[in-house]
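Subject: Structure handover

Hello,

Here is the structure for your files. My notes on it follow below.

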Amino acid sequence: MTQPPIDRLLHEPARLTIATLLYAVESADFLFLLRESGLSKGNLSSHLSRLEAAGYVAIEKTYRGKTPMTICRLTMEGREALRRYRDQLKRVVAALPD
Amino acid sequence: MHSQPTDPLERQFRDAELRTRRHWYEDGLAELMIGTLFVVVALFFLAQDLLGRGVAGSRVAASLNLVLMFVVVVACFLGRRFIGRAKERWVYPRTGFVRYARRRSQRWVAGLLGGAIGAMSVALIERAPGAEAWIPAAVGLLIGGFLAWQGRFAGVARLSSLGLVAVAAGLAVSLLNLPSNQSAAAFFGALGAALALSGSITFARFARQAPPPEEP
């Protein structure tokens, strides 16, 4: 039986880092992701846009007091895609010859 | 502390989970506030010991009991919100905001811990007169166990150390065999001071390492 192709969007290390960080929480803001991922602002922004375009991440621009905030959340689709990717990769690794 | 998964992807998942949990403790505000609450509780017990002597004193002691219960209940209900407000002011602008998924297991553990402390204290007083001297040791063991569990859960070693402090404080106070109010005041005072000190040092370090954002 042929394996479904690996999700190329999540296979990229920076996007995988963002997705795993968001997987562990309900939501997080841009600053948290910036600090924890170690990416530059521009890089993080462009990866988030790609994840948002795929429907994996929902982004909400809001204010906390007078401070603007960008809140990011992994959508149900994104969580499912990440679980699928995790399982696929496990299967691929398990199928490798010793 | 945790057994590391060998699979790199699993390791990445575990690491992300730990980093997000650790984020809640990296500023020390939770310890600082819980420590302060324990010191307040200790002051109530001390006041009861000092003012609660004689007939008039017993009325004062009863009123203080009610006030103490009110303070603890309010702290339980509003504590997390209060810590959230403090974080909103001092932490989120520096290191970012995280909303955690609600974990039922943690609430259960906290509820069970409170219930266990209450039930154990009543059982010790009722069934074994004289055994009440060991209440601080038993309470210290429970709080210490909870702190050690939190330390392991979030990968924060200082919480496990504070767990040891709780156990040591409980044992030491029990061995001193003080009257009950003095013993409660000594235990909560010592543990509260340790938590508040640890929280203050952590917060000072956090404020130094993560300066406030520049004004746009």
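A residue is called buried here if 20 or more other C-beta atoms lie within 10 Å of its own, exposed if 12 or fewer do, and partly exposed in between, with C-beta atoms placed from the backbone. By that count, 29% of the 98 residues of chain A are buried.

This is a predicted model, in which local features need pLDDT of at least 70 and side-chain atom pairs count only at pLDDT 80 or more, while totals for chains, interfaces and linings use all residues. Residues are numbered from 1 along each chain as its sequence is written, and chains are lettered from A and ligands numbered from 1 in the order in which they are written.

Chain A

Chain A contains five helices and three strands; helices (H or I, at least four residues) and strands (E, at least two) are DSSP runs, numbered from the N terminus. Their order from the N terminus is α-α-β-α-α-β-β-α. A box of roughly 55 × 25 × 20 Å, taken along the principal axes, holds the C-alpha atoms of chain A.

Contact between the chains

The contact takes 18 residues from chain A and 17 residues from chain B, two residues being in contact if their C-beta atoms, placed from the backbone, lie within 7 Å. On the side of chain B that touches chain A, helix 1 of chain B gives the most, with seven residues.

Strand 1 (residues 27–29) of chain A runs antiparallel to strand 1 of chain B, and two bridges join them; strands pair if DSSP finds at least two bridges between them. In this pairing A:S27 stands opposite B:R99.

Regards
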